[in-house]
Amino acid sequence: MHEIITLQLGQRSNYLATHFWNVQESYFTYSENEVSPIDHDISFRPGIGADGSETFTPRTIIYDLKGGFGSLRQYNSLYEAETEVGMPRGLWDGNEVIQRQTVIPANEYQKSLELGLPLPKLTSESVRYWSDFNRLFYHPKSIVQLNEYDLNSQLLPFEDWSVGESLFNSLDREHDLLDRDFRTFAEECDQLRGIQLFTGADDAWGGFAARYIDRLRDEFGKKSIWTFASESGGKLDRGKQYLRAKNSAKTLCELSSQSTAYIPISKPPVKHPHYVNLNMPSEWHLSALTSVAVESVTLPARLRWHEGLEPWLLDNASPQRIFTLRATIRTEDSEHSFASRLNDLTENKVGEGRHDDIENSERQLDLNFSSIGSTTPEKTHFFSRVQVDRDSRYGDSERKQKTVGQGLTAQRLSSWTGYNPSVLSYFQTPLEFPILDSFPPDLIRRQPPGRSTLGVHVALSATSGIGKDLKNLQQVVGRRIAVEEREDLINGLNELSEAYQARWENDSDSGDD
(Lines give C-alpha, C1' and ligand atoms only; values in the text may rest on other atoms or scores of the structure.)
Protein backbone atom coordinates (compact mmCIF):
# COMPACT_ATOMS: atom_id res chain seq x y z
CA MET A 1 0.00 0.00 0.00
CA HIS A 2 1.24 3.54 -0.76
CA GLU A 3 -0.45 5.95 1.62
CA ILE A 4 -0.82 9.72 1.31
CA ILE A 5 -1.09 12.03 4.33
CA THR A 6 -2.83 15.39 3.91
CA LEU A 7 -2.01 18.61 5.77
CA GLN A 8 -4.58 21.45 5.88
CA LEU A 9 -3.43 24.89 7.02
CA GLY A 10 -6.00 27.66 7.52
CA GLN A 11 -9.55 28.64 6.54
CA ARG A 12 -9.13 28.83 2.76
CA SER A 13 -7.34 25.49 2.67
CA ASN A 14 -9.91 23.85 4.90
CA TYR A 15 -12.77 24.99 2.66
CA LEU A 16 -11.00 23.38 -0.31
CA ALA A 17 -10.06 20.24 1.60
CA THR A 18 -13.62 19.79 2.93
CA HIS A 19 -14.95 19.61 -0.63
CA PHE A 20 -12.13 17.16 -1.38
CA TRP A 21 -12.99 14.86 1.54
CA ASN A 22 -16.73 14.98 0.85
CA VAL A 23 -16.02 13.67 -2.64
CA GLN A 24 -13.79 10.89 -1.26
CA GLU A 25 -16.60 9.85 1.08
CA SER A 26 -19.00 9.64 -1.87
CA TYR A 27 -16.83 6.98 -3.55
CA PHE A 28 -17.45 4.42 -0.80
CA THR A 29 -19.57 1.43 -1.77
CA TYR A 30 -21.62 -0.58 0.71
CA SER A 31 -22.74 -3.58 -1.33
CA GLU A 32 -20.77 -6.84 -1.52
CA ASN A 33 -21.23 -6.84 -5.29
CA GLU A 34 -19.86 -3.32 -5.74
CA VAL A 35 -16.16 -2.48 -5.85
CA SER A 36 -15.18 1.16 -5.62
CA PRO A 37 -12.72 2.34 -8.29
CA ILE A 38 -10.93 4.20 -5.47
CA ASP A 39 -8.47 2.52 -3.13
CA HIS A 40 -9.64 4.15 0.10
CA ASP A 41 -6.72 2.81 2.16
CA ILE A 42 -4.49 5.37 0.45
CA SER A 43 -6.27 8.39 1.97
CA PHE A 44 -8.21 6.86 4.90
CA ARG A 45 -7.00 5.14 8.07
CA PRO A 46 -8.67 2.32 10.01
CA GLY A 47 -9.20 2.71 13.74
CA ILE A 48 -11.28 1.71 16.75
CA GLY A 49 -14.05 3.98 18.06
CA ALA A 50 -15.08 4.64 21.64
CA ASP A 51 -17.54 1.72 21.59
CA GLY A 52 -15.00 -0.71 20.11
CA SER A 53 -16.38 -0.53 16.58
CA GLU A 54 -14.16 -0.17 13.54
CA THR A 55 -13.78 3.32 12.09
CA PHE A 56 -12.38 4.71 8.84
CA THR A 57 -11.30 8.35 8.95
CA PRO A 58 -9.21 10.60 6.68
CA ARG A 59 -5.43 10.56 6.92
CA THR A 60 -5.33 14.30 7.48
CA ILE A 61 -4.21 16.89 10.02
CA ILE A 62 -6.32 20.05 10.13
CA TYR A 63 -4.85 23.28 11.52
CA ASP A 64 -6.95 26.39 12.08
CA LEU A 65 -7.13 29.37 14.38
CA LYS A 66 -9.32 29.72 17.44
CA GLY A 67 -12.92 29.94 16.28
CA GLY A 68 -12.08 28.61 12.82
CA PHE A 69 -13.64 25.16 13.26
CA GLY A 70 -17.20 26.43 13.56
CA SER A 71 -19.49 23.81 15.11
CA LEU A 72 -17.03 20.93 14.50
CA ARG A 73 -16.00 19.22 17.73
CA GLN A 74 -12.67 17.50 18.27
CA TYR A 75 -14.46 14.51 19.82
CA ASN A 76 -17.46 13.23 17.88
CA SER A 77 -19.84 10.30 18.28
CA LEU A 78 -17.11 7.90 17.09
CA TYR A 79 -14.52 9.13 19.58
CA GLU A 80 -15.88 10.48 22.84
CA ALA A 81 -13.51 12.19 25.28
CA GLU A 82 -12.21 9.64 27.78
CA THR A 83 -11.30 12.05 30.55
CA GLU A 84 -12.90 15.11 32.06
CA VAL A 85 -11.46 18.54 31.38
CA GLY A 86 -9.33 19.86 34.24
CA MET A 87 -6.22 19.12 36.29
CA PRO A 88 -5.62 15.49 37.40
CA ARG A 89 -6.63 14.91 41.00
CA GLY A 90 -3.73 15.07 43.42
CA LEU A 91 -1.83 17.72 41.46
CA TRP A 92 -4.12 20.58 42.52
CA ASP A 93 -6.35 20.72 45.59
CA GLY A 94 -7.68 24.24 45.12
CA ASN A 95 -10.76 25.45 43.30
CA GLU A 96 -10.88 25.11 39.54
CA VAL A 97 -12.22 27.82 37.25
CA ILE A 98 -12.98 26.37 33.83
CA GLN A 99 -13.37 28.80 30.96
CA ARG A 100 -15.10 27.44 27.90
CA GLN A 101 -15.17 28.95 24.43
CA THR A 102 -18.60 30.03 23.23
CA VAL A 103 -20.19 27.13 21.40
CA ILE A 104 -21.00 27.87 17.76
CA PRO A 105 -24.38 26.28 16.90
CA ALA A 106 -24.58 23.83 14.00
CA ASN A 107 -26.54 24.90 10.94
CA GLU A 108 -29.64 23.04 9.75
CA TYR A 109 -27.64 20.98 7.25
CA GLN A 110 -25.40 19.58 10.01
CA LYS A 111 -28.33 18.95 12.35
CA SER A 112 -30.19 17.02 9.66
CA LEU A 113 -27.07 15.09 8.72
CA GLU A 114 -26.53 13.99 12.31
CA LEU A 115 -30.17 12.93 12.75
CA GLY A 116 -30.38 11.19 9.38
CA LEU A 117 -33.14 13.50 8.15
CA PRO A 118 -33.60 14.86 4.60
CA LEU A 119 -30.92 17.48 4.03
CA PRO A 120 -31.89 21.10 3.42
CA LYS A 121 -30.38 22.97 0.50
CA LEU A 122 -27.16 24.77 1.37
CA THR A 123 -26.76 28.41 0.40
CA SER A 124 -23.90 30.91 0.58
CA GLU A 125 -25.67 32.52 3.55
CA SER A 126 -26.03 29.27 5.52
CA VAL A 127 -22.35 28.29 5.07
CA ARG A 128 -20.42 30.38 7.61
CA TYR A 129 -17.53 27.96 8.23
CA TRP A 130 -16.01 25.10 6.29
CA SER A 131 -17.42 22.67 8.87
CA ASP A 132 -20.97 23.72 7.91
CA PHE A 133 -20.88 21.52 4.78
CA ASN A 134 -18.56 18.80 6.08
CA ARG A 135 -19.93 15.24 5.74
CA LEU A 136 -17.24 13.21 7.54
CA PHE A 137 -16.05 12.26 11.01
CA TYR A 138 -12.39 12.96 11.75
CA HIS A 139 -10.07 11.34 14.25
CA PRO A 140 -9.52 13.62 17.29
CA LYS A 141 -5.81 13.86 16.45
CA SER A 142 -6.74 15.33 13.09
CA ILE A 143 -8.15 18.47 14.77
CA VAL A 144 -5.46 20.95 15.87
CA GLN A 145 -6.68 24.37 17.02
CA LEU A 146 -4.05 27.10 17.38
CA ASN A 147 -5.29 29.17 20.32
CA GLU A 148 -2.61 31.86 20.00
CA TYR A 149 -4.65 33.70 17.35
CA ASP A 150 -8.37 34.27 16.82
CA LEU A 151 -9.99 33.94 13.41
CA ASN A 152 -10.51 37.34 11.75
CA SER A 153 -9.04 39.21 14.70
CA GLN A 154 -8.53 42.94 14.18
CA LEU A 155 -6.14 43.29 17.14
CA LEU A 156 -3.78 40.44 16.21
CA PRO A 157 -4.44 39.63 12.54
CA PHE A 158 -2.84 36.47 11.18
CA GLU A 159 -1.69 38.17 7.99
CA ASP A 160 2.08 38.74 7.94
CA TRP A 161 4.29 35.91 6.69
CA SER A 162 6.74 36.33 9.58
CA VAL A 163 3.91 35.91 12.12
CA GLY A 164 3.17 32.41 10.83
CA GLU A 165 6.86 31.54 10.78
CA SER A 166 7.28 32.70 14.39
CA LEU A 167 4.17 30.79 15.50
CA PHE A 168 5.43 27.53 14.03
CA ASN A 169 8.90 27.98 15.57
CA SER A 170 7.49 28.68 19.04
CA LEU A 171 5.03 25.76 18.91
CA ASP A 172 7.70 23.44 17.54
CA ARG A 173 10.12 24.33 20.35
CA GLU A 174 7.43 23.66 22.94
CA HIS A 175 5.76 20.57 21.51
CA ASP A 176 7.78 19.23 18.52
CA LEU A 177 4.85 19.47 16.09
CA LEU A 178 5.93 16.60 13.87
CA ASP A 179 6.24 14.31 16.86
CA ARG A 180 2.94 15.46 18.40
CA ASP A 181 0.76 15.79 15.28
CA PHE A 182 2.29 14.11 12.23
CA ARG A 183 4.27 11.10 13.38
CA THR A 184 1.24 9.11 14.60
CA PHE A 185 -0.25 9.19 11.09
CA ALA A 186 3.10 8.43 9.44
CA GLU A 187 3.82 5.41 11.65
CA GLU A 188 0.44 3.88 10.75
CA CYS A 189 1.43 3.76 7.06
CA ASP A 190 2.84 0.59 5.51
CA GLN A 191 4.70 2.59 2.86
CA LEU A 192 4.14 6.34 2.90
CA ARG A 193 4.07 7.56 -0.70
CA GLY A 194 3.78 11.28 -0.18
CA ILE A 195 2.23 14.30 1.47
CA GLN A 196 -0.54 16.49 0.10
CA LEU A 197 -0.38 20.02 1.51
CA PHE A 198 -3.17 22.61 1.33
CA THR A 199 -2.07 26.03 2.60
CA GLY A 200 -2.65 29.75 2.27
CA ALA A 201 0.17 31.51 0.41
CA ASP A 202 -0.46 35.24 0.82
CA ASP A 203 -0.99 35.39 4.59
CA ALA A 204 0.72 34.09 7.73
CA TRP A 205 -0.05 30.48 6.80
CA GLY A 206 2.67 30.75 4.14
CA GLY A 207 5.31 31.27 6.82
CA PHE A 208 3.82 28.49 8.96
CA ALA A 209 3.87 26.13 5.96
CA ALA A 210 7.46 27.04 5.02
CA ARG A 211 8.84 26.00 8.38
CA TYR A 212 6.57 22.93 8.52
CA ILE A 213 7.79 21.71 5.14
CA ASP A 214 11.41 22.24 6.25
CA ARG A 215 10.82 19.78 9.07
CA LEU A 216 9.05 17.33 6.77
CA ARG A 217 12.01 17.33 4.37
CA ASP A 218 14.41 16.70 7.25
CA GLU A 219 12.36 13.73 8.44
CA PHE A 220 10.99 12.27 5.21
CA GLY A 221 13.66 13.22 2.67
CA LYS A 222 12.64 12.04 -0.78
CA LYS A 223 8.89 11.62 -0.27
CA SER A 224 6.70 13.44 -2.80
CA ILE A 225 5.12 16.65 -1.51
CA TRP A 226 2.41 18.29 -3.62
CA THR A 227 1.63 21.80 -2.36
CA PHE A 228 -1.61 23.57 -3.30
CA ALA A 229 -1.07 27.19 -2.23
CA SER A 230 -4.20 29.39 -2.24
CA GLU A 231 -4.06 33.13 -2.85
CA SER A 232 -6.91 35.60 -2.49
CA GLY A 233 -7.74 37.43 -5.69
CA GLY A 234 -10.20 39.80 -4.03
CA LYS A 235 -9.82 43.58 -4.09
CA LEU A 236 -8.03 45.13 -1.10
CA ASP A 237 -6.55 48.47 -0.16
CA ARG A 238 -3.06 49.17 -1.49
CA GLY A 239 -1.26 48.43 1.78
CA LYS A 240 -2.76 44.96 2.08
CA GLN A 241 -2.16 44.26 -1.59
CA TYR A 242 1.56 44.97 -1.10
CA LEU A 243 1.65 42.76 1.99
CA ARG A 244 -0.06 39.88 0.20
CA ALA A 245 2.21 40.20 -2.84
CA LYS A 246 5.25 39.99 -0.58
CA ASN A 247 3.79 37.05 1.34
CA SER A 248 3.01 35.18 -1.90
CA ALA A 249 6.52 35.75 -3.26
CA LYS A 250 8.16 34.51 -0.05
CA THR A 251 5.89 31.45 0.08
CA LEU A 252 6.61 30.63 -3.56
CA CYS A 253 10.39 30.95 -3.09
CA GLU A 254 10.54 28.81 0.03
CA LEU A 255 7.92 26.16 -0.66
CA SER A 256 8.60 25.55 -4.36
CA SER A 257 12.19 24.54 -3.63
CA GLN A 258 11.02 22.01 -1.03
CA SER A 259 7.97 20.67 -2.88
CA THR A 260 7.83 18.08 -5.63
CA ALA A 261 5.10 20.20 -7.20
CA TYR A 262 4.07 23.70 -6.11
CA ILE A 263 0.68 24.75 -7.50
CA PRO A 264 -0.34 28.39 -6.86
CA ILE A 265 -4.13 28.75 -6.86
CA SER A 266 -5.93 32.08 -7.24
CA LYS A 267 -9.41 32.47 -5.74
CA PRO A 268 -11.32 33.46 -7.83
CA PRO A 269 -9.63 31.90 -10.88
CA VAL A 270 -7.56 34.12 -13.15
CA LYS A 271 -9.84 33.05 -15.99
CA HIS A 272 -13.24 31.37 -15.95
CA PRO A 273 -15.79 30.83 -18.75
CA HIS A 274 -19.41 31.90 -19.03
CA TYR A 275 -20.76 28.55 -17.79
CA VAL A 276 -19.32 29.17 -14.31
CA ASN A 277 -21.65 31.09 -11.98
CA LEU A 278 -19.37 32.29 -9.17
CA ASN A 279 -20.58 34.02 -6.02
CA MET A 280 -17.37 35.99 -5.44
CA PRO A 281 -17.74 36.74 -1.69
CA SER A 282 -18.48 33.07 -0.92
CA GLU A 283 -15.47 30.93 -0.05
CA TRP A 284 -17.80 27.92 -0.32
CA HIS A 285 -18.40 28.75 -3.99
CA LEU A 286 -14.79 29.58 -4.83
CA SER A 287 -13.36 26.49 -3.15
CA ALA A 288 -15.99 24.22 -4.75
CA LEU A 289 -14.87 25.23 -8.24
CA THR A 290 -11.21 24.78 -7.29
CA SER A 291 -11.95 21.36 -5.81
CA VAL A 292 -13.17 20.08 -9.19
CA ALA A 293 -9.68 20.65 -10.62
CA VAL A 294 -7.66 19.65 -7.55
CA GLU A 295 -9.58 16.43 -6.86
CA SER A 296 -9.43 15.51 -10.54
CA VAL A 297 -5.73 16.09 -11.10
CA THR A 298 -4.81 14.03 -8.01
CA LEU A 299 -7.34 11.27 -8.82
CA PRO A 300 -4.86 8.82 -10.44
CA ALA A 301 -3.02 8.58 -7.12
CA ARG A 302 -6.14 6.93 -5.64
CA LEU A 303 -7.47 4.83 -8.54
CA ARG A 304 -7.13 1.06 -8.09
CA TRP A 305 -6.20 0.31 -11.70
CA HIS A 306 -3.42 2.88 -11.74
CA GLU A 307 -1.67 1.10 -8.87
CA GLY A 308 1.92 0.41 -9.84
CA LEU A 309 1.95 3.05 -12.59
CA GLU A 310 2.93 5.65 -9.99
CA PRO A 311 0.96 8.73 -11.03
CA TRP A 312 3.12 10.93 -8.80
CA LEU A 313 5.83 10.77 -11.44
CA LEU A 314 7.17 14.26 -10.89
CA ASP A 315 10.81 14.20 -9.88
CA ASN A 316 12.12 15.85 -6.71
CA ALA A 317 15.35 16.55 -8.59
CA SER A 318 13.68 18.58 -11.36
CA PRO A 319 14.39 22.34 -11.15
CA GLN A 320 10.94 23.18 -12.60
CA ARG A 321 8.61 22.56 -9.68
CA ILE A 322 6.05 25.34 -10.13
CA PHE A 323 2.95 24.27 -12.08
CA THR A 324 -0.11 25.95 -13.52
CA LEU A 325 -3.49 24.33 -12.90
CA ARG A 326 -6.04 24.48 -15.73
CA ALA A 327 -9.29 22.66 -16.42
CA THR A 328 -12.47 22.58 -18.47
CA ILE A 329 -15.86 21.18 -17.48
CA ARG A 330 -18.31 19.39 -19.75
CA THR A 331 -21.51 21.37 -20.39
CA GLU A 332 -24.21 21.32 -23.05
CA ASP A 333 -22.18 23.87 -25.01
CA SER A 334 -19.00 21.79 -24.87
CA GLU A 335 -20.52 18.36 -25.64
CA HIS A 336 -19.19 18.51 -29.21
CA SER A 337 -15.61 19.41 -28.22
CA PHE A 338 -15.60 16.71 -25.52
CA ALA A 339 -16.82 14.14 -28.05
CA SER A 340 -14.19 15.29 -30.56
CA ARG A 341 -11.45 15.02 -27.96
CA LEU A 342 -12.61 11.55 -26.94
CA ASN A 343 -12.45 10.47 -30.58
CA ASP A 344 -8.92 11.85 -30.94
CA LEU A 345 -7.80 9.96 -27.85
CA THR A 346 -9.38 6.67 -28.83
CA GLU A 347 -7.91 6.91 -32.34
CA ASN A 348 -4.48 7.79 -30.90
CA LYS A 349 -4.48 11.17 -32.63
CA VAL A 350 -3.30 13.22 -29.65
CA GLY A 351 0.46 13.45 -29.33
CA GLU A 352 1.41 11.94 -32.69
CA GLY A 353 4.68 13.81 -32.74
CA ARG A 354 3.82 17.50 -32.80
CA HIS A 355 4.46 19.88 -29.96
CA ASP A 356 1.47 21.88 -31.28
CA ASP A 357 -0.87 19.10 -30.11
CA ILE A 358 0.03 19.76 -26.50
CA GLU A 359 -0.26 23.53 -26.90
CA ASN A 360 -3.72 23.11 -28.47
CA SER A 361 -4.75 20.81 -25.66
CA GLU A 362 -3.66 23.44 -23.13
CA ARG A 363 -5.63 26.20 -24.87
CA GLN A 364 -8.82 24.15 -24.72
CA LEU A 365 -8.72 24.31 -20.91
CA ASP A 366 -10.84 27.41 -20.25
CA LEU A 367 -10.45 27.55 -16.45
CA ASN A 368 -7.10 28.95 -15.31
CA PHE A 369 -6.51 28.75 -11.55
CA SER A 370 -2.90 29.99 -11.45
CA SER A 371 -1.74 33.60 -11.67
CA ILE A 372 1.85 32.42 -12.17
CA GLY A 373 2.13 31.01 -15.68
CA SER A 374 -0.90 32.83 -17.06
CA THR A 375 1.36 34.68 -19.51
CA THR A 376 1.35 32.91 -22.89
CA PRO A 377 4.61 33.37 -24.85
CA GLU A 378 4.62 33.16 -28.65
CA LYS A 379 6.24 29.77 -28.36
CA THR A 380 5.52 27.79 -25.20
CA HIS A 381 7.80 25.05 -24.00
CA PHE A 382 6.46 22.30 -21.72
CA PHE A 383 8.93 20.94 -19.19
CA SER A 384 6.42 18.73 -17.40
CA ARG A 385 2.72 18.02 -17.81
CA VAL A 386 0.23 15.78 -16.03
CA GLN A 387 -3.17 15.50 -17.69
CA VAL A 388 -6.28 13.72 -16.42
CA ASP A 389 -9.46 13.28 -18.48
CA ARG A 390 -12.67 12.21 -16.73
CA ASP A 391 -15.43 11.21 -19.12
CA SER A 392 -18.03 8.48 -18.56
CA ARG A 393 -17.90 7.60 -22.25
CA TYR A 394 -14.49 6.04 -21.71
CA GLY A 395 -16.43 3.18 -20.16
CA ASP A 396 -18.36 2.51 -23.38
CA SER A 397 -17.77 -1.12 -24.34
CA GLU A 398 -16.99 -0.36 -27.99
CA ARG A 399 -14.55 2.43 -27.23
CA LYS A 400 -12.94 0.71 -24.27
CA GLN A 401 -11.03 -1.66 -26.54
CA LYS A 402 -9.56 1.23 -28.53
CA THR A 403 -8.61 3.70 -25.82
CA VAL A 404 -5.06 4.71 -25.06
CA GLY A 405 -3.63 2.82 -22.07
CA GLN A 406 -4.75 3.78 -18.57
CA GLY A 407 -1.40 5.48 -17.95
CA LEU A 408 1.48 6.29 -20.31
CA THR A 409 5.11 6.45 -19.31
CA ALA A 410 7.25 9.53 -19.82
CA GLN A 411 9.49 7.63 -22.24
CA ARG A 412 6.66 6.72 -24.60
CA LEU A 413 5.25 10.21 -24.73
CA SER A 414 8.71 11.71 -25.21
CA SER A 415 9.14 9.72 -28.40
CA TRP A 416 5.73 10.93 -29.61
CA THR A 417 6.40 14.60 -29.08
CA GLY A 418 9.91 14.71 -30.45
CA TYR A 419 11.46 16.52 -27.48
CA ASN A 420 12.55 15.50 -24.03
CA PRO A 421 10.37 16.79 -21.18
CA SER A 422 11.04 15.91 -17.58
CA VAL A 423 7.64 14.24 -17.30
CA LEU A 424 4.64 13.99 -19.59
CA SER A 425 1.90 11.80 -18.13
CA TYR A 426 -1.63 11.15 -19.31
CA PHE A 427 -4.48 9.42 -17.47
CA GLN A 428 -8.08 8.79 -18.43
CA THR A 429 -10.99 7.35 -16.48
CA PRO A 430 -14.78 6.99 -16.86
CA LEU A 431 -15.17 8.10 -13.23
CA GLU A 432 -16.57 11.64 -13.38
CA PHE A 433 -16.66 14.27 -10.63
CA PRO A 434 -19.78 13.75 -8.45
CA ILE A 435 -22.12 16.66 -7.72
CA LEU A 436 -23.04 16.27 -4.04
CA ASP A 437 -25.60 18.03 -1.86
CA SER A 438 -22.64 19.81 -0.20
CA PHE A 439 -21.67 21.32 -3.58
CA PRO A 440 -23.20 24.65 -4.73
CA PRO A 441 -26.08 23.56 -7.02
CA ASP A 442 -25.96 26.69 -9.17
CA LEU A 443 -22.18 26.81 -9.70
CA ILE A 444 -22.06 25.23 -13.18
CA ARG A 445 -24.57 26.51 -15.75
CA ARG A 446 -25.93 24.43 -18.63
CA GLN A 447 -24.99 21.02 -17.29
CA PRO A 448 -26.08 18.17 -19.55
CA PRO A 449 -29.67 17.27 -18.46
CA GLY A 450 -30.19 14.48 -15.97
CA ARG A 451 -26.53 14.28 -14.95
CA SER A 452 -25.29 14.14 -11.35
CA THR A 453 -21.62 14.17 -12.34
CA LEU A 454 -19.26 16.49 -14.22
CA GLY A 455 -16.96 15.50 -17.07
CA VAL A 456 -13.61 17.19 -16.47
CA HIS A 457 -10.35 17.66 -18.37
CA VAL A 458 -7.56 18.98 -16.13
CA ALA A 459 -3.80 19.50 -16.42
CA LEU A 460 -0.80 20.54 -14.37
CA SER A 461 1.86 22.14 -16.59
CA ALA A 462 5.34 23.52 -16.02
CA THR A 463 5.90 25.87 -18.97
CA SER A 464 8.23 28.61 -20.11
CA GLY A 465 5.45 31.13 -19.37
CA ILE A 466 6.07 30.57 -15.64
CA GLY A 467 9.60 31.92 -16.04
CA LYS A 468 8.31 35.13 -17.61
CA ASP A 469 5.76 35.67 -14.86
CA LEU A 470 8.40 35.09 -12.20
CA LYS A 471 10.48 37.83 -13.82
CA ASN A 472 7.47 40.17 -13.67
CA LEU A 473 6.84 39.26 -10.01
CA GLN A 474 10.49 39.96 -9.26
CA GLN A 475 10.14 43.52 -10.57
CA VAL A 476 6.85 44.17 -8.76
CA VAL A 477 8.03 42.85 -5.39
CA GLY A 478 11.39 44.61 -5.68
CA ARG A 479 9.66 48.00 -5.58
CA ARG A 480 7.47 47.21 -2.59
CA ILE A 481 9.52 45.55 0.12
CA ALA A 482 12.04 46.77 2.65
CA VAL A 483 15.73 46.82 1.73
CA GLU A 484 16.68 44.19 4.33
CA GLU A 485 14.28 41.64 2.78
CA ARG A 486 14.79 42.57 -0.85
CA GLU A 487 18.07 40.92 -1.80
CA ASP A 488 17.26 37.33 -0.75
CA LEU A 489 13.77 37.46 -2.26
CA ILE A 490 14.89 38.99 -5.57
CA ASN A 491 17.72 36.49 -5.90
CA GLY A 492 15.36 33.62 -5.10
CA LEU A 493 12.83 34.67 -7.75
CA ASN A 494 15.60 35.22 -10.29
CA GLU A 495 17.00 31.73 -9.69
CA LEU A 496 13.54 30.21 -10.11
CA SER A 497 12.84 32.09 -13.35
CA GLU A 498 16.17 31.06 -14.91
CA ALA A 499 15.25 27.39 -14.47
CA TYR A 500 12.35 27.94 -16.91
CA GLN A 501 14.45 29.61 -19.60
CA ALA A 502 18.06 28.54 -20.11
CA ARG A 503 17.61 24.83 -20.79
CA TRP A 504 14.64 24.98 -23.15
CA GLU A 505 16.15 27.85 -25.16
CA ASN A 506 19.14 25.63 -25.89
CA ASP A 507 16.87 22.72 -26.81
CA SER A 508 14.72 24.85 -29.11
CA ASP A 509 17.75 26.34 -30.84
CA SER A 510 19.07 22.89 -31.71
CA GLY A 511 15.61 21.80 -32.85
CA ASP A 512 15.26 24.75 -35.24
CA ASP A 513 18.47 23.82 -36.99
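Buried means under 20% relative accessible area, exposed means over 50%, and partly exposed lies in between, as judged with a 1.4 Å probe on protein chains only. This is a predicted model, in which local features need pLDDT of at least 70 and side-chain atom pairs count only at pLDDT 80 or more, while totals for chains, interfaces and linings use all residues. Residues are numbered from 1 along each chain as its sequence is written, and side-chain values use heavy atoms, with hydrogens and water left out.

**Figure 1. The open sheet and its strand β6.** Six strands form an open sheet in the order β5-β4-β1-β6-β7-β8, with parallel pairing, where two strands pair if DSSP finds at least two bridges between them. Strands (E, at least two residues) and helices (H or I, at least four) are DSSP runs, numbered from the N terminus. The edge strands, each pairing on one side only, are β5 (143-150) and β8 (261-267). Strand β6 (residues 192-200) is mostly covered, since nine of its nine residues are buried. It pairs over seven bridges with β1 (residues 3-9), where Ile5 stands opposite Ile195, and also over seven bridges with β7 (residues 224-232), where the bridge partner of Ile195 is Ile225.

**Figure 2. The nonpolar core around Leu325.** A nonpolar core is a set of buried Ala, Val, Leu, Ile, Met, Phe, Trp, Tyr and Cys residues joined through side-chain atoms within 4.5 Å. The largest one has 112 residues, of which Tyr63, Phe182, Phe208 and Leu325 touch the most other members, and helix α5 gives the most to this core, with nine residues. Leaving aside neighbours within four places in sequence, Leu325 is in contact (heavy atoms within 4.5 Å) with residues including Ile263, Val297, Phe369 and Leu460.

**Figure 3. Two salt bridges in different surroundings.** A salt bridge is a side-chain nitrogen of Lys or Arg within 4 Å of a carboxyl oxygen of Asp or Glu. Arg183 and Glu219 meet in such a bridge at 3.5 Å, N to O, linking helix α4 (residues 177-187) to helix α5 across 36 residues. Arg183 is partly exposed at 22% relative accessibility, and Glu219 is partly exposed at 38%. Arg326 and Glu362 form another, with their closest N and O atoms 3.1 Å apart. Arg326 lies in strand β9 (residues 324-329) and Glu362 in helix α9 (residues 355-363), so this pair ties together parts 36 residues apart in sequence. Arg326 is buried at 10% relative accessibility, as is Glu362 at 7%.
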